[in-house]
Amino acid sequence: MRIGELSRETGVAIPTIKYYVREGLLPAGRLTSPNQASYDDGHVRRLRLIRGLIDVGGLSVSAVREVLAAVDSPEESVHEVLGAAQHAITPRPAATPEGVERARQAVAELIRRRGWRVEPDHPAFEKLAVALATFRGIGHGEFEEVLDDYAAACERVATADLAWVGRNAEVDGLVEGVVVGTVLGDAVLTSMRRLAHVEASARMFKGAAEGAGGR
């Protein structure tokens, strides 16, 4: 297909497609004449992946380049490719609260206790440490008592996530699944957590309150 057809097929404007080619995100088309290039289904899939990384994942062009570099590295394992994608899509904390070093130690201990094979340089490590330090800073450090319960639940969620993602046999499909699944999955998980809070609150507190009122 020509670039106009590629644009119509993907909904991406021609100037944007040319920009992605210049930036090395999208392979150039095969020249059919000095002023014409031909594109195929591989370009369609790559372009949709780029848009997914930017529109759904909220990544910058430089972060997209980082993810795609991992996808295009044949020597990288699927685990390493997924790790690169996770590093790119996990936001870094905007600030470092007081007590974060102690919180980092708590995160490291949690990881050791759970037997997780995670390095301290993963951005989610720091994000969790900052959250725990903030809990402590506002007087709710006892929240750490439920960390293992959270970890156990997250292990189940992660297994379900990657089982779903693993249905895509190709590596770029895996990465796309991780990006979309992480971003949209976070929204699903947050919403379901809110709904579960309502049910747990009704089960734990509503009956007690009604009983007290009846007395």
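This note sets out numbered points on the structure shown above.

1. **Basis of the model.** The structure is a predicted model, in which local features need pLDDT of at least 70 and side-chain atom pairs count only at pLDDT 80 or more, while totals for chains, interfaces and linings use all residues. Residues are numbered from 1 along each chain as its sequence is written, and side-chain values use heavy atoms, with hydrogens and water left out.

2. **Elements.** The protein chain contains nine helices and two strands; helices (H or I, at least four residues) and strands (E, at least two) are DSSP runs, numbered from the N terminus. Their order from the N terminus is α-α-β-β-α-α-α-α-α-α-α.

3. **Overall form.** The protein chain is more spread out than a compact globule, because its radius of gyration is 23 Å, well over the 17 Å that the globule rule gives for 215 residues. The radius is taken over C-alpha atoms, and the rule is 2.2 Å times the number of residues to the power 0.38. The C-alpha trace spans about 85 × 40 × 30 Å along its principal axes.

4. Of the 215 residues in the protein chain, 28% are buried. Buried means under 20% relative accessible area, exposed over 50%, and partly exposed in between (1.4 Å probe, protein chains only). Among contacts with a separation of 6 or more, 61% join residues 24 or more positions apart; a contact means heavy atoms within 4.5 Å.

5. **Helix α1.** Helix α1 covers residues 3–10, and its residues I3, L6, S7 and T10 are buried. Seen down the axis of α1, the buried residues fall within an arc of 100 degrees, so they line one face of the helix. The arc is that of the directions from the helix axis to the C-beta atoms. An α-helix has 3.6 residues a turn, so residues three or four places apart point the same way. The cover over the buried residues of α1 includes α2 (14–22), β2 (36–38) and α3 (41–56). Just after α1, G11 has a positive phi of about 75 degrees.

6. **Residue Y150.** Y150 lies in helix α8 (residues 147–165) and is partly exposed, with a relative accessible area of 33%. Apart from neighbours within four places in sequence, Y150 is in contact with F143 and R193.

7. **Residue G185.** G185 belongs to helix α9 (residues 171–214). At 25% relative accessibility, G185 counts as partly exposed. G185 and D161 are 24 residues apart in sequence, and their C-alpha atoms are 8.3 Å apart in space.
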